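Dear colleague,

I am passing on a structure for you to look through. Please open it first and then read the notes below alongside it.

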Amino acid sequence: MTTDHDALPVDEAVRAVRTSSRRKQVLDAAVTVMQRTGFHQMSMQALADEAGVSVGLIYKYFGGKEDVLLATILAILDAFRDQLEPAMDAVGDDPIDRLVAGMRRYIEIVDENLDATVLTYRESRTLDAAGRTRIKELEVESSAPLRAALDAGIETGVMNPVDVDLMVFDIMLLAHGWALKHWHFGAIYSLDDYIRLQTRFVLNTLLPAERRDDYAHLLG
């Protein structure tokens with residue numbers, strides 16, 4: 001028999017799911033509206049109309065337009081932070097395999113958020129200093145699994161001793177490039193082709209000559 005006490009956590013879970021779904025609904029609509037009009041021209045009414053909700057409901061979850069923009073950007077960075085390491089853990093301990101898996105998932109997340117990624121580059125300067133700082137911190141935090149794979153690869157000798165910080169940001173820029181230049185790359189490459197070619201590009205820099213045969217399947 002279920003008591004009211006037992007049901008309370010279930011009710012809270014339902015409310016949390018509903019809230020998360022509503023927030024995502026608003027953020028998805030914000031990307032659409034900002035792509036169409038730009039951040040400064042976006043009105044809360046236009047956002048509400050696109051999302052199919054009331055303006056009052058938007059203010060229930062967000063303080064204003066700047067909060068909506070910040071949340072839109074943070075949602076992508078949260079995906080990188082939450083999804084890279086599990087994807088890398090799934091392939092085992094080999095640093096090369098982990099890096100390749102991390103690159104793949106990173107670019108896949110970009111592909112799942114093409115418009116929002118472009119919006120991040122275009123509109124993030126609109127945020128206040130605190131918002132920009134938060135984005136920078138989360139971007140560094142979300143790239144930590146890639147950094148760890150590079151550190152491990154260099155330490156174990158399966159990678160050349162490259163500048164890890166530079167390489168991490170190079171990989172991130174390659175991933176973002178799928179969105180920023182999708183008008184070009186999307187007409188030439190499939191997502192899998194883009195990932196394969198950019199992975200090969202990175203590994204051609206990272207792999208010492210004596211280890212290339214071990215990973216020939218990734219260089220083809």
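In what order do the elements of the protein chain run from the N terminus on? They run α-α-α-α-α-α-α-α-α-α-α-α, and the count is twelve helices and zero strands, where helices (H or I, at least four residues) and strands (E, at least two) are DSSP runs numbered from the N terminus.

This is a predicted model, in which local features need pLDDT of at least 70 and side-chain atom pairs count only at pLDDT 80 or more, while totals for chains, interfaces and linings use all residues. Residues are numbered from 1 along each chain as its sequence is written, and side-chain values use heavy atoms, with hydrogens and water left out.

Along its principal axes, the C-alpha trace spans about 65 × 55 × 35 Å. The chain is divided into domain 1 (9–63) and domain 2 (69–218), with bounds that come from an automatic or database domain assignment. Ten residues from domain 1 and eleven residues from domain 2 take part in the contact between them (heavy atoms within 4.5 Å), and the domain centres, taken over C-alpha atoms, are 28 Å apart.

Between the two domains there are zero salt bridges (a side-chain nitrogen of Lys or Arg within 4 Å of a carboxyl oxygen of Asp or Glu).

The record places "domain: HTH tetR-type" at residues 20–80, a span that is 80% helix and 0% strand, with its end C-alpha atoms 18 Å apart.

Best wishes

Methods
UniProt positions are given in the numbering used here, feature names are shortened, and annotations may be inferred rather than shown by experiment.
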